[in-house]
Amino acid sequence: MTQALAVVLAAGKGTRMKSDLPKVLHRLAGAPMLAHVLGAAASAGVKRAALVIGPGMDTVGEAGLSVVPEAQVFVQADQMGTADAVKSAAPAYEGADGPVLVLYGDTPLLRPETLKAVLGELEAGADLVVIGFEAADPTGYGRLLFDDKSRLAGIREEKDATAAERALTLCNSGIMAFRSGKTLSDLIARIGNDNAKGEYYLTDAVGLAYQDGLQTRVVLSNGEEVLGVNSRSELAVAEALIQRRLRAAAMEQGATLIAPETVFFSYDTVIGRDVLIEPNVIFGLGVTIEDGVTIKGFCHFEQARIGANVTIGPYARLRPGADLAPGSHVGNFVEIKNAHIAEGAKVNHLTYIGDATVGAKANIGAGTITCNYDGFAKHKTEIGAGAFIGSNSSLVAPVKIGDGAYVGSGSVISKDVPDDALAVTRAKQEERAGWAAKVRERRSRDKSK
């Protein structure tokens, strides 16, 4: 089949979102809703895209181009309905031989498998395909109408429907596909606005196609997949649904989630096999977890990589640039940022490692801090292989701790430490015999007065 085109409608202002951010740029699993739609189309083999935006919505166009750099962007000057929006993108599809899919930037749960089924119907001879779904409560949706031979004959918007038509439960998702750009152009040119809202409905293309004797078909989906997000509450529903998908995918690929409902993924999280994830773990964008990792509860990761067979947490935080080599260990209340922890190294508790490298089999004691920021710039700390950093130490960057070196507990290190050397900066301990007993005796006398 000739290369397909996705026309994505994203001109809606989203007033119910009560936001300065365009509706389709609100995020699910870390990515804008628009990106999910474009990604689903691309995964279904639809590589060409045309994006329809509203006036002054350049940020939407930029977001679309970040996903599909070759996409064409069109502005719908006057928002006069879905057919008017599609018409705005006419230069992208007029005369095109390939299929044209009309998608919506606020339906982020659409699956590539469903779009593949739509394309399959077009390949099998359909001229127009609609994605429909059964609704327990069809209020607000257009209804799919069939003739006595079960052929799709039209779509009736609820405001224009009769009582009998409103009783129907097979509803229109809004997503449609046309055999070619020519098919779409011929139908859309004849759509009028004789309806309750005085707008140009793309759904009228179905009735026109039926009257022309064209083949019109339905691909069934479900209400969750074609959920349109128009408010913050619907965004929350969509987030819950996409998280359920991501959790199921992680488990299907070999990860164990002890309490799946408490684990939150981003759309791009990569999880290996035999990974164990305890409750209350959050994966921000750009996280890769290799095979055999154990993640204990209450961890938070973003822009980080965890190598094979690492144990991490509980209550660990990996910030951008954190890179844990296979076999390393990061324990509770540890924060790591822009740092490489080499194989076999241990950072067990109550520690901050930022802008640093920690050598193989080094041991970082509790309470250690790499002092990487001087108020103006960030500086690097290098900790050598096999080094031992005692508890409650501060390493003032830029500084290098040599291989096998030893830093005494409670030290503030501001100069390089050679290999295998001991560095201690704490004050000399003093003892005063009998001091405590004398103080207790004096206080006891004072209380008796």
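**Entry 1: the largest pocket**

The model I worked from is a predicted one. I then looked up the volume of this pocket, which is about 1500 Å³. Its lining comprises 40 residues, and I noted Thr82, Tyr104, Asp106, Lys197 and Asn230 as the closest to the centre. For secondary structure, I found that α3 (82-88) and β10 (170-178) each contribute at least two lining residues. The greatest contribution comes from β10, with four residues.

**Entry 2: the second largest pocket**

I recorded a volume of about 580 Å³ for the second largest pocket. Of its 23 lining residues, His36, Ile242, Arg245, Leu246 and Tyr267 lie closest to the centre. I listed the elements that supply two or more residues to this lining: α1 (33-43), α5 (112-123), α9 (232-252) and β13 (270-271). Sorted by class, the lining holds 14 nonpolar, six polar and three charged residues.

**Entry 3: salt bridges**

I counted 18 salt bridges in the model.

I began with Glu225 and Arg111, whose side chains form a salt bridge at 3.4 Å, N to O. This pair joins distant parts of the chain, 114 residues apart: Glu225 sits in the loop between β11 (216-220) and α9, and Arg111 in the loop between β6 (100-104) and α5. Arg111, at 31%, is partly exposed.

I next took Arg151 and Asp147, which meet in a salt bridge at 2.8 Å, N to O. Arg151 has a relative accessibility of 43% and so counts as partly exposed. Asp147 is buried, with a relative accessible area of 15%.

I then turned to Arg305 and Asp323, whose closest N and O atoms are 2.6 Å apart in a salt bridge. Here, too, distant parts of the chain are linked: Arg305 belongs to strand β19 (residues 305-306) and Asp323 to strand β22 (residues 323-324), 18 residues apart. How accessible are the two partners? I found Arg305 partly exposed at 26% relative accessibility. Asp323 also counts as partly exposed, because its value of 21% is not under the 20% limit for buried residues.

Lastly, I noted a network of salt bridges that links Glu302, Arg317, Arg319 and Glu335.

Note on methods:
Residues numbered from 1 in each chain as written. Predicted model: local features only at pLDDT ≥ 70, side-chain atom pairs only at ≥ 80, totals over all residues. Heavy atoms only, no water. 1 Å grid on protein atoms, 1.4 Å probe; cavity = no way out; pocket = protein on both sides within 12 Å on 5 of 7 lines; lining within 4 Å. Points joined across faces, edges and corners; volume = space filled by probe spheres on them. Nonpolar A, V, L, I, M, F, W, Y, C, P; charged D, E, K, R; others polar. Salt bridge = Lys/Arg side-chain N within 4 Å of Asp/Glu carboxyl O. Buried < 20%, exposed > 50% of the residue type's maximum accessible area, 1.4 Å probe, protein only.
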